[in-house]
Amino acid sequence: MKNLLENDMLKSTFMESLKTNTMKNLICGEWTTSEETAENINPSDPSDILSTFYKASLSQVNDTIDFAHEAQKQWSQSPMTLREEVLNDIAKKLLDNKEYYGEVLAREAGKPIKEATDEVVKSAEFFSYFAAEASRNKGAFMDSPRNNVDIEIINEPVGVIGVITPWNYPLAIPAWKIAPALAYGNSVILKPSSLTPAIAYILAEIIDSTNLPKGVFSYVSGSGGIVGNALSDSKKVQAITFTGSVAVGKELALRSMSSMTKLQLEMGSKNSLIVLDDANLDLAVEAAIKGAYNANGQKCTSCSKLIVTPGIYDKFIEAFTAKMETLVVGNALDKSSAIGPCIDQKQLDSNLAYIKLGIEEGATLVCGGEAIESETGGYFFRPALFVDGKSQMRLNQEEIFGAIACVIRAENYEEAVEILNDTQFGLSGGIITESLSMAMRFKHDAIVGNIMINLATAGMDNHVPFGGRKNSSYGSREKSYAASDFYTTTKTAYIKY
């Protein structure tokens, strides 16, 4: 298979090439087959098999770890100009074919085509950003209390980084982990989600087409039980960065303790948006719709708890449900679709189970909540809205990861913040208000990592730190200058002269 889409003819045949050429793994610097394969399904049309991919064996993963460990020694000594060149090259190649890569992403992840293409662009921006950061890896000199002694603080690469990524942002999340890892001189072993391996495979081909030394980057698809466990068990993997569920994150943490592996875990969420009486109604509805339903609610920053005070409660529900009626659910490649399918039948079934649970718990379902039949048999779900919910309901405590929101009445700001904080998670929280005083209070009162004022809870920028509190995150922040905390280690040198 060609590494890059060089012309329109290649673009038109590339998707067929994915079907007919089983996607290999990048093992020890070479594209390699294995005994076991699996299929990659288009959730908009499950009869459309997007690709077939090889699942790596345990011995292949272990060989890759050994090879990456040796390759990292060379890369850690590479000049910053080479690192800049490699990362800028990756960014350029992503942008050169962003529309087509967006199509691949939309087909395998079910993300509407515009949103999928935007993800390609954002992913390129991560590589561009960290290309510049490669030359900003700062050390420091400090005075010593002893005469004729200098102290130097040095930031060095950690070593081999295991990168384990989810299906909901199958290009952006690998990008924001891989880019800083390479920029700071580490080697990377990427394990993508088995639900969305194709776009990660394309990224791997792009990276392999650069001047990066062999073995510094590896692409290893397969099950968490084999690939993930091998990474967490190995003493040659110095750090693991993971985005996924709380259960898997905690299991990774326990397995990694015996090797004292450095960990960065981004896990679950249960985000809330507060709407106060003085809110701009149109702004509140726009932020709530975007936060609750974009990407079919299948992202960690989605808001599924809408906490509304009495003076605007009825107006908000009326305007919100009216806006919901305009949302088009359909094939991810259809430009008129605002919402694509659930990622698979399992997620669709989970959504339907939460609808049943919400009704049983006493919330009132006022809109949506059913599977949508289609000619293609896609996993389509009509966005749902519950009202008159209570914070203690499982519906409002558990991460749904679907297009389901529940409105909870709060008598005032104080109760609203109490409801927002009433969760095991702490990733993102927002408030819609015209009051500067309330906005400033909220910044300090909300126990979350990301504060959104008069904005949706989703939609974080690339150049600032990202992460949460409580069960949402463990370890240092991701993205931006904060990434150096995870991808480098500090050495203190004392020099007598």
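**Pockets of a predicted model**

Biologist: Which helix gives the most to the lining of the largest pocket?
Modeller: α5 does, with seven residues. The model is predicted.

Biologist: What makes α5 (113–133) a contributor alongside other elements?
Modeller: Each element named here supplies at least two residues of the lining: α5, α6 (172–183), α10 (281–293) and β21 (450–453).

Biologist: How many residues line the largest pocket, and which lie nearest its centre?
Modeller: The lining has 45 residues. Y169, K290, K299, A458 and G459 lie nearest the centre.

Biologist: Which residues are closest to the centre of the second largest pocket?
Modeller: P166, W167, G244, S245 and V248, out of 35 lining residues. Two or more lining residues come from each of α8 (224–233), β10 (239–243), α9 (246–256) and α12 (345–361). By class, this lining has 13 nonpolar, 15 polar and seven charged residues.

Biologist: How do you know how confident the predictor is?
Modeller: The mean pLDDT of the chain is 94, on a scale from 0 to 100. Of its residues, 96% reach 70 or more. Over residues 1–7 the value is below 50. Where pLDDT is low, predicted coordinates should not be read in detail.

Technical notes:
Residues numbered from 1 in each chain as written. Predicted model: local features only at pLDDT ≥ 70, side-chain atom pairs only at ≥ 80, totals over all residues. Heavy atoms only, no water. 1 Å grid on protein atoms, 1.4 Å probe; cavity = no way out; pocket = protein on both sides within 12 Å on 5 of 7 lines; lining within 4 Å. Helix = DSSP H or I, 4+ residues; strand = E, 2+ residues; numbered from the N terminus. Nonpolar A, V, L, I, M, F, W, Y, C, P; charged D, E, K, R; others polar. Contact = heavy atoms within 4.5 Å.
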